[in-house]
Each structure stands twice: as structure tokens, then as C-alpha cells.
Amino acid sequence: MKNSLRKTGLLLVMLPVLAALMLYSCKKDQSASDQPIPANQQKVSIYLSDDPGLFDKVLLDIRKVEILVDTCGGIDNDPWDDRDRCWWDEDRRDDRHGRDTCQVWDSLAIRPGVYDLLTLRNGADTLLAGGLIHKGEMKRIRITVGNNNSLVKNSVTYPLASVSGQSKIIVRVRHNEWDEVSGDNLQLWLDFDVQRSVIRTWNGKFILRPYINVFTILKMGSLSGRITPADAYPVVSVYNSSRDTLYALPWRNGDFKVRGLKVGTWSVFVNTSNGYKDTTIANVKIERGRDTRLGEIRLHK
């Protein structure tokens, strides 16, 4: 009985101490996350998402992420701006930007490792990189990939390599393409189009020719729904009159989501198998910052 009373008394004494420690810890964590951004810097967050392909897995070994910032605002007439959105930095021409004192490559904090791109579909994503960088116009994202790249198709694993052993992917961005969360706090999504990025060669090998789009949540829209039954193995294509096309592979329960859609009117085409009829839904309105729900799309034979 005495031991029980002693334990109860000790607990009563310790409770205020534990409460104080928890309160201090919460305040400490909160103050760390709410620290103001220095005047000469800006905060960026880059998320990785996937526009899927017909594979079991696509594994990409990401080692480093950098951003090219022009601190003087004079890079808009860059002669390379007429290139594609994304390419391999095969001749390291983008390193030349770093020789200009106005143009700085800033490294971001990342979790290096192998990412399965096909898990990042139907609205799923992951924070790829983030941190504080120089304040200025952001023009390039540079992704360094390692050698541990592969894909799985029909349960068989294949190595996945660049065309000539290049290791740096360049993604061209414009400063006004980022979502402004608040002040100098910006975010952007990289949508890795697997179907266009993976090429099968004549001898059965696979090479990586990256095709990456960028999108935002606040400035663009999305659509979602559910397709049944599951044995139709549907592939969803979403397209508009400008010939922009995005894809989705529903989860096993039929749920799908396509993000990064420009505001306007789109059509949804559901390609099916096992004798089910293909289905097209026209005049789907996409609004800024909103998800358009299509509800259940029931397929029939």
C-alpha cells in the first residue's frame, strides 16, 4: 500500500514537469517551422509525381537536386529557352550559367535513393527536395541520377540507362509557374511522364529519355473518379483541343485522379480490355485550384 502511494505521489509530482517539457518541445518545433525567411532568400519545395506507363515498376535513382537562380533578373533572353521542357545535360552547357556572378546553382535538401515512380500516380506524390535558396528568378532544375535505375515489366526486371551515360536531367521552368504559398514560399510539382520517358530499343533494352512536365495545385485543376469493374483494366486519357494529353492508370478499386490540367474544357477517354466498350466523356470543365469529380464510370460489354 505504501509503495502504491509513493508511486502515485511521484506521478503527481512528475506530471507538471512532463507537461512543461512537452509544451516547450511543441513551442520549439513550432518556432523552428515558423522562422521568417531571410530577405535575400526564398523557400522552395519540389514534389515528384507520375504520369504512368504500362509497367509494373519504374525505379529511378535520384542523388541530387539543384536550382539555377538568376539573382539579377537578366536571363530571360537565354538562347537555350527555345529547347524542350526537359533534356539531358549531355554537353554540360548548363554549367556555363554558373560562371556568371548573377547566376547561381543552389542545392536543395533531398532524401537520396531509389523512387518507384508508379507509386506516385492518381494524386499521390512525395516531397522530392526543398530548402532556402538565393532570391531571384528560377530558371532550371537539375536532377542528378545514379546508376541504380531499372524497370519491371511482366515481372521481369530490366536495367534502365540514359542514351550515352548522362547523369544530369535539366528541367526548364519559369518563375511565374510556381505556386506562391505565402511571400517567398514557393512550390512546384514535377510530373514524370513514364510512358514517354521510357523507350524500348530494337534489341529489347530500355533507355531513359526523360519527359517531365511541371504543374501547380493553386493555379491549375484536376479531375477524379472511379471506373468499374476492375477486370476491364482501363487506361484513362485526358485531352483538350490544344492536344495536351495526360494519362491515368486507376488503382485496383477503380479510383483515379489526373492533376496539372489547364483551366478549360477537356475530354476523358477510357480505353478498355476483356470485351468492355470504350467510353468517352466530353465537355469536362476544369477550374483553377479545384478537383472536378466525375463520380463512378460504369463500363459495359
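This talk walks through one predicted model, from its strands to its loops and pockets.

First, the ground rules. The model is predicted, so local features need pLDDT of at least 70 and side-chain atom pairs count only at pLDDT 80 or more, while totals for chains, interfaces and linings use all residues. Residues are numbered from 1 along each chain as its sequence is written, and side-chain values use heavy atoms, with hydrogens and water left out.

Let's start with strand S8, residues 137-145. A strand here is a DSSP run of E with at least two residues, and a helix is a run of H or I with at least four; both are numbered from the N terminus. Is S8 enclosed or open? Eight of its nine residues are buried, so S8 is largely enclosed by the rest of the structure. Buried means under 20% relative accessible area, exposed means over 50%, and partly exposed is in between, using a 1.4 Å probe and protein chains only.

Which strands pair with S8? Strand S2, residues 57-70, pairs with S8 in the antiparallel sense over eight bridges. Two strands pair if DSSP finds at least two bridges between them. Look for Val 69: its bridge partner in S8 is Met 138. Strand S11, residues 168-172, also pairs with S8, antiparallel, over five bridges. There, Ile 141 stands opposite Val 171 of S11.

Next, an open sheet. Four strands run in the order S19-S18-S21-S22, with antiparallel pairing. S19 (245-248) and S22 are the edge strands, and each pairs on one side only. Neighbouring strands are turned by 25° against each other on average, direction ignored. For that angle, axes are lines fitted to C-alpha atoms (for helices, over the stretch in contact), and angles run from 0 to 180 degrees between N-to-C directions. Inside this sheet, S18 and S21 share five bridges.

Now the loops. Most residues other than glycine have a negative phi, and most peptide bonds are trans. Keep that in mind here. The bond from Thr 228 to Pro 229 is cis, with omega near -5°. Pro 229 sits in the loop between S17 (221-228) and S18 (235-239). Tyr 233 is in that loop between S17 and S18 too. Tyr 233 is not a glycine, yet has a positive phi of about 45°. Tyr 233 is exposed, at 55% relative accessibility. Asn 274 has a positive phi as well, about 60°. Asn 274 lies in the loop between S21 (264-271) and S22 (279-286), and is partly exposed at 46%.

Last, pockets. A pocket is found on a 1 Å grid over the protein atoms alone: an open set of points with protein on both sides within 12 Å along at least five of seven lines, lined by residues with an atom within 4 Å of a point. S16 gives the largest share, four residues. The lining has 11 nonpolar, five polar and 12 charged residues.

The second largest pocket is about 470 Å³. Tyr 233 returns here, among the residues closest to its centre, along with Trp 251. This lining has 11 nonpolar, two polar and three charged residues.

For both volumes, grid points are joined across faces, edges and corners, and the volume is the space filled by probe spheres set on the points. Ala, Val, Leu, Ile, Met, Phe, Trp, Tyr, Cys and Pro count as nonpolar, Asp, Glu, Lys and Arg as charged, and the others, Gly among them, as polar.

Key
1 Å grid on protein atoms, 1.4 Å probe; cavity = no way out; pocket = protein on both sides within 12 Å on 5 of 7 lines; lining within 4 Å.
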